[in-house]
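Let us walk through this protein together, one part at a time. Keep the sequence and the 3D view side by side as you read.

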Amino acid sequence: MKTEPGSEIVLNDLAPTSANFQSEFIAGLKRHPKSLPCKFFYDERGSTLFDDICELKEYYLTRTETKILHDNIEEICAICGSDCVLVELGSGKSSKTRLLLDHLETPVAYVPIDISRPHLLRAAEAINGDYFPLQILPVCADYNQPLTLPVPARIPKRKVIFFPGSTIGNFEPRQAAAFLRRLATWCQPGDGLLIGVDLQKSRNILHAAYNDTRGVTAAFNLNLLRRANREIGASFILEQFRHRAIYDEANGRIEMHLVSQCQQRVVLAGEEIRFDEEETITTEYSYKYREEAFRALASAAGWRAQRTWIDEHRLFSVHYFRRRNFVAHPLEISRNLLQRREKTRKIRGSSSQCIRQRERSLFP
Ligand code: AVI
């Protein structure tokens with residue numbers, strides 16, 4: 001891999017295919033009630049619309065998190081320590097990363113992971129130009145799927161996973177715990193997780209943030225249907241659906257929906273999907289946490305809380321966790337078990353080939 005400014009960046013391309021998109025999209029519309037995974041928002045247009053959302057005056061999340069990072073950058077980078085590899089999930093434009101890269105002591109490499117290839121490449125190239133000789137190892141992938149992280153040329157002292165923007169709020173709490181546990185399995189004890197989490201607050205602030213007056217969030221939501229028309233030849237008439245975002249206080253989450261304006265049928269990939277008037281497709285949950293509830297969730301998933309930073313209006317939180325010595329992940333338990341068995345077999349002098357085969361099938 002070349003890392004000279006302006007040189008070509010080698011992409012680790014594990015992007016989902018349009019066949020994945022088609023099958024998951026159709027499966028979601030056959031569910032009762034209908035729902036689609038929010039990762040499908042981020043095609044090129046969707047990623048650009050999301051960048052626009054981040055600039056909206058009503059969408060306090062991005063600027064509040066950026067301010068927290070900015071105001072506490074020395075302390076944050078001191079906790080991350082020198083010579084780390086910075087792995088960013090959902091890196092987008094990588095704008096918050098620049099704050100970190102400007103202050104981290106001799107970082108070894110930056111590994112941005114994003115599902116939108118053009119966005120990822122543009123950001124990786126810009127950072128490559130500005131932070132030479134930092135090694136940039138972009139991965140285009142759905143980070144919910146198994147993936148192997150690229151290995152930097154220089155050995156880092158630790159890995160720090162950066163997961164900003166409160167994207168963890170887009171998982172249901174049980175999935176969030178499973179995902180945090182999975183991140184822990186990417187790490188060694190002592191590695192770090194720097195994560196942005198939106199906080200519970202008044203319904204009015206939340207409602208405004210997801211129902212902006214310029215209609216950018218509505219366009220972002222409706223872009224899912226536009227994408228299905230373009231990529232899999234679906235026949236959605238966009239004007240016959242409207243955006244709805246409501247705060248469900250009991251569950252502490254914003255729910256985004258697309259609401260059918262009339263009774264209608266849509267054809268996609270030879271399948272016909274019927275909609276009643278006012279029937280909805282759930283397109284996203286955005287959970288808002290209490291500070292201590294999030295720490296407890298992460299703690300149960302293998303992370304020890306080190307420090308939390310919160311803005312003066314208590315809108316948003318940024319946490320730094322350290323990976324515990326032991327993470328009770330089911331796969332990890334199987335791996336330990338297999339390793340122990342392998343050792344025993346070696347001692348007995350017998351072949352351990354079948355264990356390795358099984359391990360390969362568990363951890364391809
Ligand atoms: C990416 N994610 C954290 C955003 C959120 O606030 O849940 C996505 C978004 N949806 C509507 N506006 C922004």
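How many residues lie between S11 and S12 in their hairpin, and which residue in the turn has a positive phi? Two residues separate S11 and S12 there, and Ala 269 in the turn has a positive phi of about 50°. Before going further, note that this is a predicted model, in which local features need pLDDT of at least 70 and side-chain atom pairs count only at pLDDT 80 or more, while totals for chains, interfaces and linings use all residues. Residues are numbered from 1 along each chain as its sequence is written.

Strands pair if DSSP finds at least two bridges between them. One of the partners to look for is Glu 272 in S12, which pairs with Val 267.

Trp 303 has Arg 323 in S15 as its bridge partner. Five residues lie between these two strands, and Arg 314 in the turn has a positive phi of about 55°.

Now turn to a sheet. Strands of a sheet pair through backbone hydrogen bonds, either parallel or antiparallel. Here, four strands make an open sheet in the order S2-S13-S10-S9, and the pairing is mixed. Strand S2 (34-35) and strand S9 (241-248) are at the edges with a single partner strand each, so one side of each has no neighbour in the sheet. S2 runs parallel to strand S13 (residues 280-287), and two bridges join them. Lys 34 stands opposite Ile 281 in S13. Helix H8 (residues 203-210) packs on the sheet and touches S9 and strand S10 (253-260). The direction of H8 makes about 155° with that of S9, where axes are lines fitted to C-alpha atoms, for helices over the stretch in contact, and angles run from 0 to 180 degrees between N-to-C directions.

Stay with S13 and find Thr 283 in this strand. Is Thr 283 buried or exposed? It is buried, because it has 25 C-beta neighbours inside 10 Å; the cut-offs are 20 or more other C-beta atoms within 10 Å for buried, 12 or fewer for exposed, and partly exposed in between, with C-beta atoms placed from the backbone. Thr 283 and Lys 34 are 249 residues apart in sequence, yet their C-alpha atoms are 8.8 Å apart. Over the chain of 364 residues, buried residues make up 37%.

Finally, look at the ligand. The residues around it (C-beta atom, placed from the backbone, within 6 Å) include Tyr 210, Glu 284 and Ser 286. Domain 1 (60-201 + 288-358) and domain 2 (203-287) both give residues to this shell, so the ligand lies between them; the domain bounds come from an automatic or database domain assignment.

How values were computed
Two residues are in contact if their C-beta atoms, placed from the backbone, lie within 7 Å.
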